Amino acid sequence: MQICSVCSEQTPKYRCPTCNIRYCSLGCYKKHKDSCLPVEKPASSNPESKDAAGSAEPLSLGDLLHEDDVIDKVPPQRLQLLGQSTELRDLLCNPHLRQLLRSVDDAESKASAMKAAMQEPLFVEFADQCLKVVEGLSLI
């Protein structure tokens, strides 16, 4: 199991887009970004060569997908804007929306839960506002 490269305490959930270190939280990202140095990509990024080197840890999804290969990824700086949005904050005051979000988060099949939640106008409004914030677009 991997641990955060910054605090060495938690399981990392994120990877730095500049240097690829793993970190667990926004706090760790903020500590790391001041000393972050870009890494050069190796000539061969073949996951099989990693196994041949005798790596004891199994490959995670993040190890299999290189950062540049994930076109839908939202950078941490853009995600931080979600927390600063007063429109999102106002929407999240609605207990029905919070329950919808919990049901998606708790669902076994996230895709089915999202499909069901997108039938609710309140959830669609929330999703649109999230996209508006991270993409900097005016929807509708």
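Of the 140 residues in the protein, buried ones make up 22%. Keep in mind that this is a predicted model. The secondary structure comes to eight helices and two strands, and along the sequence they run β-β-α-α-α-α-α-α-α-α. Among contacts with a separation of 6 or more, 40% are between residues 24 or more positions apart.

**Helix α8 and its buried face**

- Helix α8 covers residues 121-135, which is 15 residues. From its first C-alpha to its last it reaches 21 Å, close to the 21 Å expected at 1.5 Å a residue.
- The buried residues here are Leu122, Phe123, Phe126, Ala127, Gln129, Cys130, Val133 and Val134. Looking down the axis of α8, these buried residues fall within an arc of 160°, so they line one face of the helix.
- What does that set of buried residues in α8 pack against? The partners are α4 (76-84), α5 (86-91), α6 and α7.
- After α8 comes Gly136, with a positive phi near 70°.

- Gln129 sits in helix α8. Its relative accessibility is 14%, so Gln129 counts as buried.
- Setting aside neighbours within four places in sequence, Gln129 is in contact with Ser85, Glu87, Leu88 and Leu91.
- Gln84 belongs to helix α4. Is Gln84 buried or exposed? With 55% relative accessibility, Gln84 counts as exposed.
- Gln84 also gives you a handle on the spacing to Val133: the two are 49 residues apart along the chain, and their C-alpha atoms are separated by 9.3 Å.

**α6 against α7**

- Helix α6 (residues 95-106) and helix α7 (residues 110-117) pack with their axes 8 Å apart, at an angle of about 160°. The two helices are therefore roughly antiparallel to each other.
- On the α6 side the residues that meet α7 are Ser103, Val104, Asp105 and Asp106, while α7 brings Lys110, Ala113, Met114 and Ala117.
- Sorted by class, the contact of α6 with α7 has four nonpolar, one polar and three charged residues.

**α6 against α8**

- How do the axes of α6 and α8 cross? They come within 10 Å and cross at roughly 80°, and that makes α6 roughly perpendicular to α8.
- The contact is made by His96, Leu97, Leu100, Leu101 and Val104 of α6, together with Leu122, Phe123 and Phe126 of α8.
- By class, the contact of α6 with α8 has seven nonpolar, one polar and no charged residues.
- Leu122, Phe123 and Phe126 from this contact are also on the list of buried residues in α8.

**Val104, a residue in both α6 contacts**

- Val104, placed in helix α6, is one of the residues meeting α7 and one of those making the contact with α8.
- The relative accessible area of Val104 is 12%, so Val104 is buried.
- Which residues does Val104 touch, not counting those up to four places away in sequence? They are Lys110, Ala113, Met114, Ala117 and Phe123. Lys110, Ala113, Met114 and Ala117 are in α7, whereas Phe123 is in α8.
- Val104 and Lys115 are eleven residues apart in sequence, with 9.5 Å between them in space, C-alpha to C-alpha.

- As background, most residues other than glycine have a negative phi. Two residues here are worth a look on that score.
- Ser8 has a phi near 55°, a positive value in a residue other than glycine. Ser8 is found in the segment before β1 (14-15). At 46% relative accessibility, Ser8 counts as partly exposed.
- Asn20 has a phi near 70°, again a positive value in a residue other than glycine. Asn20 has its place in the loop between β1 and β2 (22-23). With a relative accessible area of 26%, Asn20 is partly exposed.

Methods
Residues numbered from 1 in each chain as written. Predicted model: local features only at pLDDT ≥ 70, side-chain atom pairs only at ≥ 80, totals over all residues. Heavy atoms only, no water. Axes fitted to C-alpha atoms, helices over the stretch in contact; angles between N-to-C directions. Helix = DSSP H or I, 4+ residues; strand = E, 2+ residues; numbered from the N terminus. Parallel < 35°, antiparallel > 145°, perpendicular 65-115°, else oblique. Contact = heavy atoms within 4.5 Å. Nonpolar A, V, L, I, M, F, W, Y, C, P; charged D, E, K, R; others polar. Expected span 1.5 Å × (residues − 1). Buried < 20%, exposed > 50% of the residue type's maximum accessible area, 1.4 Å probe, protein only. Arc of directions from axis to C-beta.
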